[in-house]
Amino acid sequence: MRISIFGLGYVGAVCAGCLSARGHAVIGVDISPSKIDLINQGKSPIVEPGLQALLEAGVKAGTLSGSTDVQAAVHSSELSLLCVGTPSKRNGDLALHFIESVCAQVGAALREKSAWHSVVVRSTVLPGTVRNVVIPILEECSGKRAGIDFGVAVNPEFLRESTAIEDYNYPPMTVIGELDQRSGDLLQALYQELDAPIVRKSIDVAELIKYSCNVWHATKVTFANEIGNIAKAVGVDGREVMDVVCQDHKLNLSRYYLRPGFAFGGSCLPKDVRALSYRAGQLDVEVPLIGSLMRSNGAQVQHAFDIISSHAKQRIALLGLSFKAGTDDLRESPLVELAEMLIGKGYALSIYDSNVEYARVHGANKDYIEAKIPHVSSLLDSDFERVVARADLIVLGNADERFRVLAQQVPDGKQVVDLVGFMAHPSRDGSEGICW
């Protein structure tokens with residue numbers, strides 16, 4: 001392919017080297033003449049193992065060149081990768097002046113180009129940036145329509161400094177966020193030879209995938225550090241602890257707990273989070289991340305309540321009371337907490353949970369139910385159809401398969417709030433998800 005790359009910093013230079021090494025005709029564009037001179041001499045503008053050899057080979061083979069001429073670069077390529085920086089402002093927001101400037105220049109070049117061209121944002125930008133900033137500038141400066149007269153896509157990079165070439169050649173996945181299918185097809189063809197799954201999504205989803213990955217990595221580093229600090233304080237090697245934690249690929253390193261939804265509960269997680277936080281305090285070890293978990297969990301319960309109250313319905317059916325389907329355990333169930341909030345605000349609440357209903361009569365949790373939550377258990381109704389029929393709003397609280405049909409087909413005149421993830425679609429009239 002014929003590719004123009006705008007911005008020859010870390011991402012742009014690596015992409016230029018790797019793409020030219022695969023035989024693509026690459027033009028690197030930058031406002032810095034010194035960077036262009038280095039590229040044309042086959043020298044790397046950044047320190048990255050193996051990059052200089054790629055750039056030198058590309059220049060020698062005639063597949064790589066540098067230029068400051070934006071119009072010539074756009075007109076002689078079919079695909080432009082925008083790799084300019086998006087630094088932080090003092091308030092934490094992104095500074096977009098580089099991306100705005102390059103979009104204006106590329107848009108002006110597109111005005112004079114009749115052939116189809118795809119503009120691909122590889123810079124890291126927050127969700128909504130491409131739709132609200134990039135596309136309007138490109139359309140205004142080109143006088144053309146995005147997705148019709150030219151293509152737009154997002155292609156986030158996952159390159160780590162010092163291992164960037166290895167990461168480019170062997171990525172965990174290739175994410176393509178496309179406005180138009182033609183641009184998505186072009187990028188898929190570009191990366192088809194890489195041994196990695198290609199994931200095609202909407203532009204906004206692709207933008208947030210990049211941030212989710214990076215913040216998740218930051219969370220893992222912080223968590224491991226806090227565990228390590230606690231470990232050292234009690235005379236344990238934190239590396240030994242985390243080495244064993246990482247051997248569990250069924251729960252610890254898996255998708256099991258990484259599904260958006262309602263708050264966690266039960267007899268283990270809340271108790272253990274509080275206990276470890278308390279122990280860290282006794283040891284004078286600061287654990288801001290671990291210490292914030294219960295507060296964040298409580299905020300998710302409040303979020304569910306806010307969604308329910310926003311619908312102005314008074315008769316509420318809560319389907320599920322135990323923290324998890326298939327159990328009667330009500331200890332620290334966030335659904336009990338949600339029920340108490342609804343009761344406290346005067347909602348007419350009915351609750352259905354077949355496992356808890358059984359426990360109320362026969363189970364080991366009978367004493368707990370009678371002693372700890374009589375005001376909640378008194379609202380339990382064993383008739384599923386009756387609970388649903390007399391409610392205006394139905395809350396799907398846990399993953400009992402009996403509740404799934406209500407997410408798929410909302411009863412006439414009723415509102416469904418899904419805290420589980422039964423809905424196969426995002427929120428729309430009649431059904432709303434807590435995170436979708």
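I started with the largest cavity, which has a volume of about 130 Å³. For the record, this is a predicted model: local features need pLDDT of at least 70 and side-chain atom pairs pLDDT 80 or more, while totals for chains, interfaces and linings use all residues. Residues are numbered from 1 along each chain as written, and side-chain values use heavy atoms, without hydrogens or water.

A cavity here is a set of points on a 1 Å grid over the protein atoms alone, where a 1.4 Å probe fits but cannot get out; lining residues have an atom within 4 Å of a point. Volume is the space filled by probe spheres set on the points, joined across faces, edges and corners.

I checked the lining of the largest cavity: of 14 residues, Arg122, Phe158, Pro171, Met173 and Thr174 are closest to its centre. By class I get 9 nonpolar, 2 polar and 3 charged, with Pro counted as nonpolar and Gly as polar.

Next I looked up the second largest cavity, about 40 Å³. Its lining includes Val125, Val154, Ala206 and Glu207, and α9 gives the largest share, 4 residues. Helices are DSSP runs of H or I, at least four residues, numbered from the N terminus.

Then I followed Val130. Val130 touches Val125, Val154 and Glu207, among others, not counting residues up to four places away in sequence; contact means heavy atoms within 4.5 Å. Val130 is also among the residues with the most contacts inside the largest nonpolar core, which has 35 residues. Such a core is a set of buried (under 20% relative accessible area, 1.4 Å probe, protein chains only) Ala, Val, Leu, Ile, Met, Phe, Trp, Tyr and Cys residues joined through side-chain atoms within 4.5 Å.

Notes: Buried < 20%, exposed > 50% of the residue type's maximum accessible area, 1.4 Å probe, protein only. 1 Å grid on protein atoms, 1.4 Å probe; cavity = no way out; pocket = protein on both sides within 12 Å on 5 of 7 lines; lining within 4 Å. Helix = DSSP H or I, 4+ residues; strand = E, 2+ residues; numbered from the N terminus.
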